[in-house]
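Reader: I've just opened this one and I'm new to it. Could you walk me through what the words mean here?
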Amino acid sequence: MNDDARTNIGTLAPNSGIPSPAELRDQIERTRDELGQTVEALAAKADVKAQAKEKTAVIKSQAAQKATLVSDQIREKVGLAAHLVKGKTPDPVLEKTAQAVAQVRESAAKAGQYAADNTPEPLLEKAGQAATAARANRAPLLALGAVVVILLLVRRSRGRRR
C-alpha cells in the first residue's frame, strides 16, 4: 500500500485502484467463507471422537470383507474336499451313510419333540428369547466363533511344533 492510499482512506478517488464498497463486501464475504472452511477443517482435526468413529467404521468394514473372503475360501475348500471324499467313497458306504443320516435325523427330531413336550414353559420362553437374541446378533456371534476357531488352530499348530 502506498502513502497516497493511506492518506486517502475513506475517500473515493476515481480510477485510483481503491475497491468499491461492493467489491469490499464481496471480498469480506469470500474471506468469511474461507475462514469458516478453515475453522471447520480445524474442528474436524480436533474432533478425536469423530476420527475414532471413522477409523472404527473403516476397520469394521475391512474386517467384514476379510471375513467374507475367508468364509468363501473355506466353503470352496470344504466343497472340494467333500467332492473328493464322495468321489473316492464306494457306493455301498454312501448308501449306508445316507441311511445312518436319515436315522440320526429321525432320532434327533424325536428327541427334540420329547424335550419340547417335557420342558417347563418358563424354560421354553427363556430359550426362545436366547434364540431370538442370537439371531439378532448373528454377525458378532459368528465373528466370536471365528476368533475362537482361529485361536484353537493357532494353539494346535504351536503344540505340534514343540
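Author: Let's start with Val148, which is partly exposed because its relative accessible area is 41%. The cut-offs are these: buried is under 20% relative accessible area, exposed is over 50%, and partly exposed lies in between (1.4 Å probe, protein chains only). A word on the source: this is a predicted model, where local features need pLDDT of at least 70, side-chain atom pairs count only at pLDDT 80 or more, and totals for chains, interfaces and linings use all residues. Residues are numbered from 1 along each chain as its sequence is written, and side-chain values use heavy atoms, with hydrogens and water left out.

Reader: What makes the place of Val148 a helix?

Author: Val148 sits in helix α6, residues 138–161. Helices here are DSSP runs (H or I, at least four residues), strands are E runs of at least two, and both are numbered from the N terminus. The protein chain has six helices and zero strands, giving the pattern α-α-α-α-α-α along the sequence.

Reader: Which residues make a nonpolar surface patch with Val148?

Author: Leu141, Leu144, Val148 and Leu152 make that patch, of about 370 Å². Patch residues need over 30% relative accessible area and no salt bridge; nonpolar side chains (Val, Leu, Ile, Met, Phe, Trp, Tyr) are joined within 5 Å, like charges within 9 Å. With 41%, Val148 is partly exposed. Areas come from the Shrake-Rupley method with a 1.4 Å probe, and for residues only the protein chains shown count as cover.

Reader: Which residues form the negative surface patch?

Author: Those are Glu23, Asp26, Glu29, Asp33 and Glu34. Asp and Glu count as negative, Lys and Arg as positive, while His and the chain ends are not counted. The place of a charge is taken as NZ of Lys, CZ of Arg, CG of Asp or CD of Glu. Asp33 lies in helix α2, residues 21–46, and counts as partly exposed because its relative accessibility is 42%.

Reader: How many salt bridges does the structure hold?

Author: Two. A salt bridge is a side-chain nitrogen of Lys or Arg within 4 Å of a carboxyl oxygen of Asp or Glu. Asp72 and Arg75 qualify, with their closest N and O atoms 3.3 Å apart. Glu106 and Lys110 also meet in one, at 3.4 Å, N to O.

Reader: Why are Asp72 and Arg75 separated by about one helical turn?

Author: Because they are three residues apart in helix α3, residues 48–88. Asp72 is partly exposed at 40% relative accessibility, whereas Arg75, at 58%, counts as exposed. In helix α4, residues 91–118, Glu106 and Lys110 are four residues apart, so about one helical turn separates them too. Lys110 is exposed, at 56%.

Reader: Where is confidence lowest, and where is it highest?

Author: Helix α1, residues 3–7, is lowest at a mean of 51, and α2 is highest at 90. These are pLDDT values, the predictor's confidence in each residue, from 0 to 100. The chain averages 82, and 88% of the residues score at least 70. Where pLDDT is low, the predicted coordinates should not be read in detail.
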